[in-house]
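User: I'd like to go through the labels given to this protein and see what stands behind each one. Could you take me through them?

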Amino acid sequence: MDVPADRSTRTAGPAPQPAVREAARSRRRRRPTGEPPPLPHHLQTSGIRWLVATVVLVVLVVAVFARGLRGVAVEVAVADAAVVGWLSGIHLPGFQGLLRGLGFLSSWWVLNIASYALVVALLALRRFRQLMIWLILATLLTLIASVILALVAQRPRPFGIEIREGWGGWAMPSQQVTLFAAGLVTMLYVLVPEGRWRNTGKWVVAALITLTAIGRVGLGADGPTDVLVGAALGVTLPLVAYRWFAPNEVFPITYRRGSGAHLDVGGARGAAIRRGLEEQLGLVATEVKPFGLAGSAGSTPLRITVEGEPPAQLFGKLYARSHLRSDRWYKLGRELLYGRLEDEKPFNTVRRLVQQEDYALSLMQRAGLPSPTPHGFVELTPEREYLLVTEFFAGAVELGEAEVDTQIIDDGLGIIRKLWDAGLAHRDIKPANLLVRDGRMLLIDVAFVQARPSPWRQAVDLANMMLCLALRSSPEQVYERAKLQFSVEEITEGFAAARGLAMPSQLRHLLRERGRDLHAEFIRLLPAPPRPVSIQRWSLRRVGLLSATTVLVLLVVAAIVSMTDNNDATKTSLQVQALPCDDLEPMWLQAQAVPSASLVPCVRELPVGWSLGDAAVNDGRTVISLHHDRAGEAMVARLTAACDVGGAAEEASGQAGVRRYQLVERQAPLYRAVRYDVFPGGCLTTRITSPEPNRAEVTASAGGIIGFTSRQTLAQALAQRSDGRLHLDPRRR
């Protein structure tokens, strides 16, 4: 709303406030090139430090670990193993139980439950922007932690340690610590108000991240380097994202009732407003206070007192990027619901939005309409925050609280006639935008005034004005006065067009409160019921937007399901394209997954038509899936510590130390067979599936795909790489 009514006065109020030309003015000052604006936009120093530190850390990770366990990477692995060995070797009463409890803080159970709770909380609090940021962050962090960095580093778990906590995939960075830290920082910035509580919460978050990191390191699941990189990523990305895309100055976290559109005008912003008014408009403000917040949802309305004899009062509308986004969402929603009814586009910048309203005020003045006099606007933050300054209508009340007589009715209808004659449409005619002072009507909130509008929009303005006037009088009286300025055909067109959501929400709400269908009463006064004007407009653009919106909603739902139903606790992919027997890093990781296995599976050179589908490694198991171009996922091999061969028949294995059993479960139409390779401390269960026509081809080539590397060979290779300082298995005491 442009200039809210002063509810402390009646219609016959005091004399108007002095004009702004009577206020004391100072000399306007041009801001020199390079000087910051009144309210500069910047990332807080701590955010920059975290960002720089994390970028440096990621660069070091790539530089050190990209070549595998060689060079400096060996030194880091030795140091990590020493720290993990020392911490896990502490034998104090209850200490191991404490470590398990700390590790449980970042378990998948806790992470999934916390994710559900966070999503529900943000939905309940209607903090949809923060929710979208969190969903994007969770997806991005999972991608970075489990795919990009993990694939670059390919770092196994700490060597020579008994791992006593659940884990999956590569160790660098620790995915669970990453998501745990990101979740805590997100809760801090989307649920805790800024100030003392948030500052205290930062220490609590730091303590929880440190404790769960110590727990996972002490249990052997992660190394110190892994949790350090994970914590840095988990803290930095949410910190930067929320400070940049949902800054507290624009999206404050508060539990007081009020519109999210209203910005705090104290502190740095209040000082910036006073400075901007003085330097850019030459006005010395003595007081800047929020005013009429209940009637405004698209800006922060302010009453500004400026120096003068006597002091003058002006009205200000504070716009920020949040209001620009609201305008975009409003127009997108309307286009999805009704189609593009008018030739308009969302504003690209806050500057354009404020320029439009300032220009619209000038148009209204030129057309002789009783609207506020514009006095320019102030730039607080370039392209982000602006303050529009206009005349303040002191002593005015909203139409819904005024006595409506014939003069007021004629004024209201005359306003519509002047709009039509000037080729304008207000597009938001409602009681809150119609003020009464000294028995005359005033029109405010011209932000969405449109030049050369569609006939439909002009007709809607007329019908909405007649409905507003009838709220405080009668349809019969308004209709009779309307016929003096408009033809019956024009009035009929207006009520044919103004239906449902074509009327402002405040007007619809007041009509329901009155318990009268004023629209129907006007229809009965017309010579003939009008044929309703359809507000549904279909176009290729609208169909495309609806399709894109549907896809986006499905992706968001999928992201929520993926985030809250994460199966990494049971199957974590290594994201590798091959699993050769001489690629030591994945072989070491498989050996750590099943520490009792004397052999570790690998994939030999694949025959024509075969490809590696996936290789997933978790504590206690390894799953390798292979695809055939004609049979699909034709082979899945699973390494575990033991297996039940059941009624399978033994056959020759061709591998020393391996006993092979095979059981054909089905011949047709889908061939299914299970092969068990049993060896000391382990068992590889291979399931072969193929359509009957391809059975011979698949089974003939499947036998030689999976090979084995002995645990002893892997241990010797690790010792050779580290000059005997690293050991694949814990040393016996």
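Analyst: Happy to! Let's start with a definition: a nonpolar core is a set of buried Ala, Val, Leu, Ile, Met, Phe, Trp, Tyr and Cys residues joined through side-chain atoms within 4.5 Å. Buried means under 20% relative accessible area, exposed over 50%, and partly exposed in between (1.4 Å probe, protein chains only). The model is predicted, so local features need pLDDT of at least 70 and side-chain atom pairs count only at pLDDT 80 or more, while totals for chains, interfaces and linings use all residues. Residues are numbered from 1 along each chain as its sequence is written, and side-chain values use heavy atoms, leaving out hydrogens and water.

User: Which residues touch the most other members of the largest nonpolar core?

Analyst: Leu69, Ile273, Leu277, Leu387, Trp588 and Leu626 do, in a core of 126 residues. Helix H5 gives the most to this core, with eleven residues. Helices here are DSSP runs (H or I, at least four residues), strands are runs of E (at least two), and both are numbered from the N terminus. A second, separate core has 57 residues, including Met441, Leu443, Met466 and Phe495. As background, nonpolar side chains tend to be buried together in soluble globular proteins.

User: What is Trp588 in contact with, leaving aside its neighbours within four places in sequence?

Analyst: Among its partners are Leu69, Pro156, Phe159 and Arg721. Contact means heavy atoms within 4.5 Å.

User: What makes Cys581 and Cys602 a disulfide?

Analyst: The term needs a pair of cysteine sulfur atoms within 2.5 Å. For Cys581 and Cys602 the S to S value is 1.9 Å, so this pair meets the definition. The torsion about their S-S bond is about 70°, so the disulfide is right-handed. Cys581 lies in the loop between helix H18 and helix H19 and Cys602 in strand E11, so the pair ties together parts that are 21 residues apart in sequence.

User: Why is Cys602 called buried, and why is Cys581 called partly exposed?

Analyst: Cys602 has 0% relative accessibility, so it counts as buried. Cys581 is at 29%, so it falls in the range for partly exposed.

User: How many disulfides does the structure hold?

Analyst: Two. The other one joins Cys643 to Cys683, also with S to S 1.9 Å. Cys643 sits in the loop between strand E14 and strand E15, while Cys683 is in strand E18, 40 residues apart. Here the torsion is about 80°, so this disulfide is right-handed. Cys683 has a relative accessible area of 1%, so it is buried.

User: Which residues make the nonpolar surface patch?

Analyst: Val62, Leu140, Leu143, Ile148 and Val152 make a patch of about 360 Å². Patch residues have over 30% relative accessible area and no salt bridge; nonpolar side chains (Val, Leu, Ile, Met, Phe, Trp, Tyr) are joined within 5 Å, like charges within 9 Å. A salt bridge would be a side-chain nitrogen of Lys or Arg within 4 Å of a carboxyl oxygen of Asp or Glu. Areas come from the Shrake-Rupley method with a 1.4 Å probe, and for residues only the protein chains shown count as cover. Val152 has a relative accessible area of 32%, so it is partly exposed.

User: Where is Arg126, and is it buried or exposed?

Analyst: Arg126 is in the loop between helix H4 and H5. At 66% relative accessibility, Arg126 counts as exposed.
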